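This report goes through one structure, chain by chain and then contact by contact. Please keep the sequence and the 3D view open while reading.

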Amino acid sequence: MTFTLVRTEEQAGTRSRPQPSQGRRVSVKGLNAWYGSQHAVKGLDLDFEPNRVTAIIGPSGCGKSTLVRCVNRMHEEVPGARVEGAVLLDGQDLYAGDVDVTSVRRAVGMVFQKANPFPTMSVFDNVAAGPRLTGSRGKDLAERVEQSLRAAALWDEVKDRLNKPGTSLSGGQQQRLCIARTLAVEPEVVLMDEPCSALDPLATLRIEELIEELKSRYTIAVVTHNMQQAGRVADSTAFMLAGELVEVGPTEKIFTKPDDERTEQYVTGKFG
Amino acid sequence: MSAVAGRAVLPPVSRGRRRRDLVMRVLLGLGTALALVPLVLVLWYVAKRGLGAWSAHFFTSDPTGNFLGDPGGVKSAIVGTVEIVALATVMAVPLGIGVALYLTEYGRDSRFAKLVRYFVDVMTGVPSIVFGLFVYIVLILSSVGGGYAGWKGSVALALLMLPIVVRSAEVVLLLVPGSLREAALALGAPRWRVVLRVVLPTALPGLVTGTLLAIARAAGETAPLLFTAAIVNGTSFDLGQRMNSLPVQIFNDIGQAQDRLVARAWGAALALVLLVLILTLSARLISRRSRVA
Amino acid sequence: METRVAFQEELQRLQAQALEGLDMVVVTLERTMEALEQQDVELAQMVVQDDDRLDGRYLEVHQGILSLLARQAPVATDLRLVAALLDVIKHVERMGDQCVNIAKLIPLSGHEPPRHRALVETLVEMGRLSGALVQQAGRAFAERDVALAEDLVARDVAVNQLNRECFRLALEAGDDPDAREWAMMMLLAARNLERIGDNAVDIGEQTAFVVTGLFREFTDASRPAVIGPR
């Protein structure tokens, strides 16, 4: 049974506020994940609110990247990796036996730490790669590419060089290209794994501004080791430590008066 | 250590060190020259002996087999080499790349994959004459599809090329960054599409290079063809029959008493060297012009 | 592409809230002076109760600044602005309290107190000047006008002079104990008005801080000692 996607049509346009779409809620329930014998995520429960940005912070190795990779079922691509528990997208368990993995990944998109545009493809082909690779055939492919590039705030910068290689763009532009590529398959949820850690400050701020715009149409989760970024970008923040969820709450609360002492220690920089 | 006003903070290089540096440089230079000398000598010798035999007649006529009179050229040998190697390529390359794809994309570290890798490694060390003998016994003595034939020579060469193609293709495929596969998978693509539309195109220049090198290697092998395609004078386009080839022609001619035949052998050797050189240079050009990002 | 849009909007909103607080102080002061002039006990009571709004405004801005600092890590001009706003809203709250102090005096001074006409008029004038001072401080901050902020000092001098005048008039209140009691209370009112003026000057100093990055006391902005007759 494939996963059905319901989405409202948005009009192509410049960076005007697009119509908000009803976002999806992601609920992680009792998630456990292993790399071989190493228990990376331990019994985790976490909700990602629809049309909101949730940041996941924590020291290196706390399992935050593993967590998001379990949400779009990329974790199981690692040899020896194992997952137990449930991830619900608006109530539907993505790990149910009859669910098609590729449709999960279409519904839950991912942007990686280092921008990875396909080197053999042009800018246009990179964005079109999503629809092409997932078998949705060429109807209005050009329009879809333009819409995705607009949504990623990249259209104006590349509209005259759609045929140039994807790798000819700057670092920040490449990352926005990858975002456009992810958006082109029309996901419901967008996961970002440290999307700005390889970028300079201005490129970082542009992407954060982009995230702010995107949240009106998608549910977004951002893994970041930069706490200031979590502060700027996220509506709620979750703090993980050694595979466990220590605390989750509105970002303002986490950074002004967190409940857990360990959270306080981490955000004030006493460890991590 | 005296503290003189205005002295340098860092001590200068001692004279002993400078001397040792020079000695080592000279030794390395000499060693390199030593290694290059035989190579240059061979090329020069072949060129000197071979150029004399080259002519339009040399390239356009078949060997006549006559002891006296016009010995003919090597046209059938060149054509034969091209045909046999082309067929061998068609057999070995897709299979080899397929095996490499299995090893990198699907099998990875499984026990079976490890076994396959081991056998491929063993095969790279097998002497080429063994492949020839193998095909001789299996295909010729048993009279499957007639006696000596060009295509049987191709089979022998393909067996030779296969492990080379697998090895080099695997290396190139492993060089494709995992992040590209990840990105394609994360878009929701099934694995076979990821391999076909992302991995292969990215690895293509390297695959072409590896193929060209395998071809260059196979083009020069004599032993497998001796027992399988054998030798014949006329140019033939029928791979089902005996077929001539450059290495075998050279082998044949060099043992003759006639000087003209020996000269022809040198000419053929030069032609073969040139063929291999062109293939190798093309491989270099392709790999330099593109790189895996 | 514009960046940190939400942050800038939030910062501007906080500034607007703080400056609105100043507007609220001006209105409160007007009503207080009207109550004083008319000996309107009910109006005075309203002033006291409405101070809750100013306190609420203070908490709002304070919490907003805390949240902004935690999440946005402002630097340079943004940081100076945030620090200045913290200071400004404190002064706003202070000025509200000073109005309350004056308003509380009105019922205390009795139902039909013997009122010295000149003293009342001087106080009303003082109130008017102080109110103008607060408005000017607000405008200077909003427009980042350092010259206008520095001008506050000169105007505050006038307020201080009127304060001394009130003192002199109070001494001439006469021997009637009721009259003297009333005059004492009016002196207290004057003192509060003078404090309002000082707070306004402090806000001017914050304006200069935001613009120049240097904090310095404007000359003559120190608290007036009890000045004897000249």
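## Model and overall fold of chain A

The model is predicted. In chain A, the secondary structure amounts to 10 helices and 10 strands. Along the principal axes, its C-alpha atoms fill a box of roughly 50 × 45 × 35 Å.

The radius of gyration of chain A is 18 Å, which agrees with the value near 19 Å for a compact globule, because that is what 272 residues would give. Of the 272 residues in chain A, 50% are buried. Among contacts in chain A with a separation of 6 or more, 70% are between residues 24 or more positions apart.

## An open sheet in chain A

Chain A has an open sheet of four strands, ordered β2-β1-β4-β5, with antiparallel pairing. Its edge strands are β2 (38-48) and β5 (92-93) of chain A, each of which pairs on one side only.

Strand β1 (residues 26-35) of chain A runs antiparallel to β2(A), and seven bridges join the two. Opposite Gln38(A) in β2(A) stands Tyr35(A).

## Helix α5 of chain B

Helix α5 of chain B covers residues 128-141, 14 residues in total. From first C-alpha to last, α5(B) reaches 19 Å, close to the 20 Å expected at 1.5 Å a residue. Just after α5(B), Ser143(B) has a positive phi of about 55°.

The buried residues in α5(B) are Phe131(B), Gly132(B), Val135(B) and Leu139(B). An α-helix has 3.6 residues a turn, so residues three or four places apart point the same way.

## Contacts between chains

Two pairs of chains are in contact, and chains A and B share the most contacts. Chain B and chain C have no contact with each other; their closest C-alpha atoms are 27 Å apart.

The contact between chain C and chain A takes 12 residues from chain C and 12 residues from chain A. On the chain C side, the elements giving two or more residues are α1 (5-38) and α2 (41-72) of chain C. The largest share of that side, five residues, is from α2(C). By class, the side of chain C that touches chain A consists of seven nonpolar, three polar and two charged residues.

Notes
Residues numbered from 1 in each chain as written. Chains lettered and ligands numbered in written order. Predicted model: local features only at pLDDT ≥ 70, side-chain atom pairs only at ≥ 80, totals over all residues. Expected span 1.5 Å × (residues − 1). Buried ≥ 20, exposed ≤ 12 C-beta atoms within 10 Å, placed from the backbone. Contact = placed C-beta atoms within 7 Å. Nonpolar A, V, L, I, M, F, W, Y, C, P; charged D, E, K, R; others polar. Rg over C-alpha atoms; globule rule 2.2 N^0.38 Å. Pairing = 2+ DSSP bridges.
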